Amino acid sequence: MVGSFHEAEDHVQETMLRAWKARDRYDATRASLRTWLYRIATNVCLTALEGRARRPLPSGLGAPSDDPEAPLAPAFDIPWLQPFPDARFEVEVRADMRLALVAAMQTLPPRQRAVLMLREVLEFSAAEVAVQLGTTVPAVNSALQRARAALAEAGEATDVSEVSEPDDPKVREVIEHYMRGFETADVPALVRLLTDDAVLEMPPVPLWYRGSHDYGLFMRRVFGMRGTGWALRRLTANGQPALAAYAPEPGGGHRLHTLQVLTVTGGRIARNVVFADPAVFEAFGLSQEIVFDTFDGLR
């Protein structure tokens, strides 16, 4: 709903506090405990979203850049979308939480977003959602239809049948090849793993690129600035493969550089969202200290 790991944790605490204060009014004959708690959580989120700007990714703000040497100026005034560690939500719903879909959902009005989450992800009935939102079943169905249409227009339909799991052997093979290419700064090897229209974006930098050619040119710039001999650690985020990238330090060892969340489709990498926000590192339990080991076994 809110697109922020840290805000979500705060809203969970607020939900539990409200539930505790209202515990004597809970009636098990009218709703299950699950339905009751999600009603409170939905209202907490809707209140929090009043007057708030959406949390975007760079690709949602403007056209891609065609200049691989463009200045990397961060925009700290934008509330960027944040990735979520897979360990913090149920495996059964993680495909519904892939990063591009969450970003597309941020464009929906809050109540449409709530209806979509409650109906499509959490699988409540239209009648249950109507009770949770204090509205009617026709209104819920109408909001769901509008939300689906908006996501389809954005290229993010809610059918997740084609979403590959991070532990899929074919996905793991692609990621393994990408890691080898990245660690050795082998740009041609990386480009061969990309779709023709692959997207590379790097919040909090609003700059982004589309196409394997520009992706490769930008990676040449990165390796030219930071050198070779990188180290990568395999993770998962939003039901997608993710990598913690550690850049080589001049005095030896490696320092955490970015968290990269990858979208793999048809055996190729279609998108890489690269995060450099310390708050994101903290959410994933990643230390920013210099690491002096050889990174053996981190894959």
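Visitor: How many bridges join S4 to S5?
Guide: In this predicted model, S4 and S5 run antiparallel and are joined by 7 bridges. Pro248 stands opposite His254, which belongs to S5.

Visitor: Which residue takes a positive phi in the hairpin of those strands, S4 and S5?
Guide: That residue is Gly252, with a positive phi near 105°. The hairpin has 5 residues between the strands.

Visitor: And how many residues lie between the strands in the hairpin of S5 and S6?
Guide: There are 2 residues between S5 and S6, and Gly266 takes a positive phi near 60° in that hairpin. The two strands pair in the antiparallel sense over 7 bridges. Val264 has Ile269 of S6 as its bridge partner.

Visitor: In what order do the strands of the whole sheet come?
Guide: The order is S2-S1-S6-S5-S4-S3, giving an open sheet of 6 strands with mixed pairing. Strands S2 (205–210) and S3 (231–237) each have a single partner strand and stand at the edges, so one side of each is left without a neighbour in the sheet. On average, neighbouring strands are turned by 20° against each other, direction ignored.

Visitor: In which sense do S1 and S2 pair?
Guide: S1, residues 194–202, pairs with S2 in the antiparallel sense over 4 bridges. Val199 has Arg210 in S2 as its bridge partner.

Visitor: Which helix packs on the sheet and touches S1 and S2?
Guide: Helix H9, residues 212–226, does so, and it also touches S4, S5 and S6. The direction of H9 makes about 50° with that of S1.

Visitor: Which strands does H7 lie across?
Guide: Helix H7 (residues 169–183) lies across S3, S4 (240–248), S5 (254–265) and S6 (268–275). H7 runs at about 145° to S3.

Visitor: What is the phi of Glu123?
Guide: Glu123 has a positive phi of about 60°, although it is not a glycine. This residue is found in the loop between helix H4 (110–121) and helix H5 (126–133).

Visitor: Which feature does UniProt place at residues 99–151?
Guide: The unreviewed UniProt entry gives "domain: RNA polymerase sigma factor 70 region 4 type" for that span. Residues 99–151 are 79% helix and 0% strand, and their end C-alpha atoms lie 13 Å apart.

Visitor: What does UniProt list for residues 1–54?
Guide: The unreviewed entry lists "domain: RNA polymerase sigma-70 region" there. Over residues 1–54 the chain is 63% helix and 0% strand, with the end C-alpha atoms 10 Å apart.

Visitor: At what angle do H1 and H2 cross?
Guide: The axes of H1 (residues 5–21) and H2 (residues 33–49) cross at roughly 125° and come within 9 Å. The two helices are therefore oblique to each other. The crossing of H1 past H2 is right-handed.

Visitor: Which residues of H1 and H2 meet?
Guide: On the H1 side they are His11, Glu14, Thr15, Arg18 and Ala19. These meet Trp36, Leu37, Ile40, Ala41, Asn43, Val44 and Ala48 in H2. The residues of this contact between H1 and H2 divide into 7 nonpolar, 3 polar and 2 charged.

Technical notes. Residues numbered from 1 in each chain as written. Predicted model: local features only at pLDDT ≥ 70, side-chain atom pairs only at ≥ 80, totals over all residues. Heavy atoms only, no water. UniProt positions renumbered as here; feature names shortened; annotations may be inferred. Pairing = 2+ DSSP bridges. Axes fitted to C-alpha atoms, helices over the stretch in contact; angles between N-to-C directions. Contact = heavy atoms within 4.5 Å. Parallel < 35°, antiparallel > 145°, perpendicular 65-115°, else oblique. Left-handed = near helix turned anticlockwise from the far one by under 90°. Nonpolar A, V, L, I, M, F, W, Y, C, P; charged D, E, K, R; others polar.
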